[in-house]
Amino acid sequence: MIHSDLLQIKAKELAGRKKITLRCCMAAGCMSSGAQDIKQQLEQAVAAAGLQDTVEVRRVGCMKLCCEGPLVQADPPNALYVRVTPETAPSLIAALQGGRTEVAQTDPEAAFFKRQLFIVLANSGVIDPERIECYIAADGYQALHEVLHEMAPKDVVAAMVQSGLRGRGGAGFPTGLKWGTVAKSPGAKKYVICNADEGDPGAFMDRSVLESDPHSVLEGMAIAAYAVGADQGFIYVRAEYPLAISRLQIAIRQAKQMGLLGAGIFESPFHFNVDLRIGAGAFVCGEETALMASVEGKRGAPRPRPPFPAESGLWGFPTLINNVETFANVPPIYRRGAEWFAGIGTEKSKGTKVFALAGKIKNTGLIEVPMGTPLRVIVEEMGGGAPNGGQIKAVQTGGPSGGCIPARHLDTPVDYESLGKLGSIMGSGGMIVMDNDTNMVEIARFFMEFCMDESCGKCIPCRAGTAQMHHLLDKIIRRQAAASDLAKLEELCDMVKSTSLCGLGQTAPNPTLSTLRFFRHEYEALLLAQAGGPSGHGDLNPPPAAAAT
Amino acid sequence: MVATMARKKQGRLRAALEHASGDNRFKILEVQMKKHQFRQDALIEVLHKAQELFGCLEDDLLLFVASKLKLPPSRVYGVATFYHFFTLKPQGRHTCVVCMGTACYVKGADKILAAVEEETKIKPGETTPDNRVSLLTARCIGACGIAPAVVYDGRVTARQTAGAALDQIRNWGAK
């Protein structure tokens, strides 16, 4: 494979395009509502109408507006059909020929779409994720070619630093700095790992990216591997995402066949292989040292840092770990230039962020917005507010490690620092909207139960602390707690936060702390009337039959 | 004492291997291990395959894997019990997985789960005594856009209600 081969594939693919494209969303959400049947019905209807030469029925990835799925887009005339069923699908072909269809449409120019800026999701819902030719036709692998032939590894790192990209897994560590550290670390072998262990409940950005545009992640990993001097990559993906796994397997096979992975990529001396590692359901494996233990086939228990993975990671070798979305940002940065990327977003948070918008909101789905977009724009304009006339009470970001931002702070811009100031975190991109029906203490207990179950048990503050905090929250909800219990809860939050070994424990108190900060009255309303109460120091058992009315 | 323990363990291993020789699924599993060159770091991949073949990971199976990968049984058992995806108990004929991710939770997954628990008289992780239904919960299946979601026998179903879930489970009962 040389550059002209790439251009040839692109030209052939574009020349073969038919006049009309019918894009069928075949990401996991729409697949669960019969997208496979819909595509089949459309293909049959196209054949029956004798339109095989003018209409292409294409499988595509996520078309973002998940709540209205299954989605089908006819282009031209750029009509977005919603809630299509296998029965109504054939009428879409009739509509193309000037007939009528009963299928409802949504406005592709609505705020939900218009306010988005696509970098990571540019190909999502447009290309066929199971055909590498389709990715190449969208300028795929051009960046890798340019990097391998025009840039030295240190220039690749420098460009990444200049772009200002920060890790999209949640913590926001500067990607260029991480790449530079791994590149400088001496090691006979180096590894690149893609963290696709999207454990945050309520988040599905990484799943969507992998299902919609797996090659962008592979290309990003290859560029990163060249920059740091690695020759082996792993993608650690959750077993709960079977469709993402199968599309990744197809993508890796196709890239290998074309010589875009493996030995001597683009006839350069650069070698790079990627293997999949399937997770087995452990939230803690999203933590990098636990993830590496899992890749090595061990229990996913974290270890103290330093040494950081950049110095001593997988099997003791320098290892670069980035999130799916971070890698998906890489090819566009090299294709369009670091300055272009640095021009998007805010001063300290560059580029865009993909969010999975869900919960009590009209439009649920996948959105990609420039950093610095106010939460209000996302929730009210794009999301359309709470359904059924409800009122938005809070927005939860960062999952079990994040916090709840109350409605009065909706004008906060979405960037790493602003969310941090409110006691939440950017997180990987789960954004759950809650309305007035949602009890915030129950939400705190929900997340604490999650962390309690997911604690690996290695360090005591997390193992015992989460259980005790859960017990106290439960006691408050059962109206058996006194003010002293609330004080003890806060004390425990502080202790677990500052003494746990890894990120899971250090952030486990966050949902409780943030709900305490903004919704303290909900906690206090549940406390027993007499202050002090029967609960003495160290008493963690519920008092017998206390005010169980 | 130590000697007897070792002998006892060897006896168990021999029994497990003997048991394995008569079952074709063990051969398939061994082919899978060979594909990974019997590398010890492939343990999780091997256990995934084992669970896919056998439905659950019983002691004999874990001993078999341990001996083939030359790993101590404790390590294999430790990994099998650490990860939620692996199950050491056989599942019922049907499985009902209620997603308890945050989006599903705020949209009433807890009510669906409570209704199913009430109907089947079992808790998550358990199987009905007649071996008909296993009830499970998931941390998040990533189908938040169509919450609340329930997975019936591996099929993700969107926008569920307690009533719809009960219909499905009663439907299984009829069969």
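Q: Which domains does the domain assignment give for chain B?
A: Domain bounds come from an automatic or database domain assignment. For chain B, the assignment gives domain 1 (2-82) and domain 2 (94-174). The centres of domain 1 and domain 2 of chain B, taken over C-alpha atoms, are separated by 32 Å. This is a predicted model, in which local features need pLDDT of at least 70 and side-chain atom pairs count only at pLDDT 80 or more, while totals for chains, interfaces and linings use all residues. Residues are numbered from 1 along each chain as its sequence is written, and chains are lettered from A and ligands numbered from 1 in the order in which they are written.

Q: In what order do the 4 strands of the open sheet in chain A lie?
A: Strands (E, at least two residues) and helices (H or I, at least four) are DSSP runs, numbered from the N terminus; two strands pair if DSSP finds at least two bridges between them. In chain A the order is β8-β7-β6-β9, with parallel pairing. Strands β8 (273-278) and β9 (319-323) of chain A are the edge strands, each pairing on one side only.

Q: How many bridges join β6 to β9 in chain A?
A: Strand β6 (residues 191-196) of chain A is joined to β9(A) by 5 bridges. Within β9(A), A:N323 is the bridge partner of A:N195.

Q: How many residues of chain A are in contact with chain B?
A: Two residues are in contact if their C-beta atoms, placed from the backbone, lie within 7 Å. Here, 40 residues of chain A contact 32 residues of chain B. The elements giving two or more residues to this side of chain A are α2 (28-31), β10 (352-359) and β14 (430-435) of chain A.
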